[in-house]
Amino acid sequence: MSLDELIHKCKINDTKAQSELYKLFSSKLFSVCLKYSRNYVEAEDNLQDAFVTIFKKIEQYKNKGSFEGWLKRVTINTALQRYRSQGVFDIVNEALIEDETIVIEDDNDISIEYLLKIIQELPDRYRLVFNLYVLDGYSHKEIADLLKINTGTSKSNLARARQILKTKVTDYKMGNQSQSL
């Protein structure tokens, strides 16, 4: 069955088609959920909630643009909804923010698993902004609109996330250097 046929059948609430759509996209969308969740269990909950939303709103998909991109946006918005309602963001005065760029060097000594772990350990407000900006390419304005915060808060949270990650990477490198001595 083609993707268009699958989408059409999901729009008429065909449970077999919904199951097939889930099988087709659940692993990709789960990886999106992991980026926006504190842990594996929360990511599973977010994936479940995302598919409920997808099946409720699939009628809104008008076959324009990438279906996978639409699924990803619904999944991100579903995960972010949890944090919007919890009020995890501090309001920041934009005039006090320095436009500072912190670069974490590309280093083969650090595993992707470790990097994902330290990103997941970031406080919610920093992790969400970091993922949206760095990993998914959203602008600060888009992030502000998604999270119902101002752009200064987005910039501030990104800078803080980068600083925390830089510190953790530096500590990790120092720990590995002392072990190899």
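This report describes salt bridges, aromatic contacts, a helix face and a surface patch in a predicted model.

Residues are numbered from 1 along each chain as its sequence is written. Local features need pLDDT of at least 70 and side-chain atom pairs pLDDT 80 or more, whereas totals for chains, interfaces and linings use all residues, and side-chain values rest on heavy atoms, with hydrogens and water left out.

**Salt bridges**

The structure holds 9 salt bridges, a salt bridge being a side-chain nitrogen of Lys or Arg within 4 Å of a carboxyl oxygen of Asp or Glu. Three of them, including the pair of lysine 28 and glutamate 68, are listed here.

| Pair | N to O distance |
|---|---|
| Lysine 28 and glutamate 68 | 3.3 Å |
| Arginine 38 and glutamate 42 | 2.7 Å |
| Lysine 117 and glutamate 121 | 2.5 Å |

Helices are DSSP runs (H or I, at least four residues), numbered from the N terminus. Glutamate 42 is buried because its relative accessibility is 8%, while arginine 38 is partly exposed at 35%. Here buried means under 20% relative accessible area, exposed over 50% and partly exposed in between, with a 1.4 Å probe and protein chains only. Lysine 117, at 44%, counts as partly exposed, and so does glutamate 121, at 39%. Salt bridges with shared partners join Arg38, Glu42, Asp124 and Arg127 into one network.

**Aromatic contacts**

There are 8 aromatic pairs in the structure. Rings of Phe, Tyr and Trp (its six-membered ring) pair if their centres lie within 6.5 Å; planes under 30 degrees apart count as stacked, over 60 as edge-to-face and the rest as tilted. Phenylalanine 67 and tryptophan 70 are stacked, because their ring centres are 5.8 Å apart and their planes stand at 20 degrees. Both residues are buried and lie in helix 4 (residues 67-86), 3 residues apart, about one turn of the helix. Ring pairs link Phe67 and Trp70 with Phe25 and Tyr61 into a cluster.

Leu6, Ile7 and Cys10 are buried in helix 1 (residues 3-11). Seen down the helix axis, the buried residues of helix 1 fall within an arc of 100 degrees, so they line one face; the arc is that of the directions from the axis to the C-beta atoms. Asparagine 13, which follows helix 1, has a positive phi near 60 degrees.

Valine 134 belongs to helix 6 (residues 124-135) and is partly exposed at 38% relative accessibility.

Methods
Helix = DSSP H or I, 4+ residues; strand = E, 2+ residues; numbered from the N terminus.
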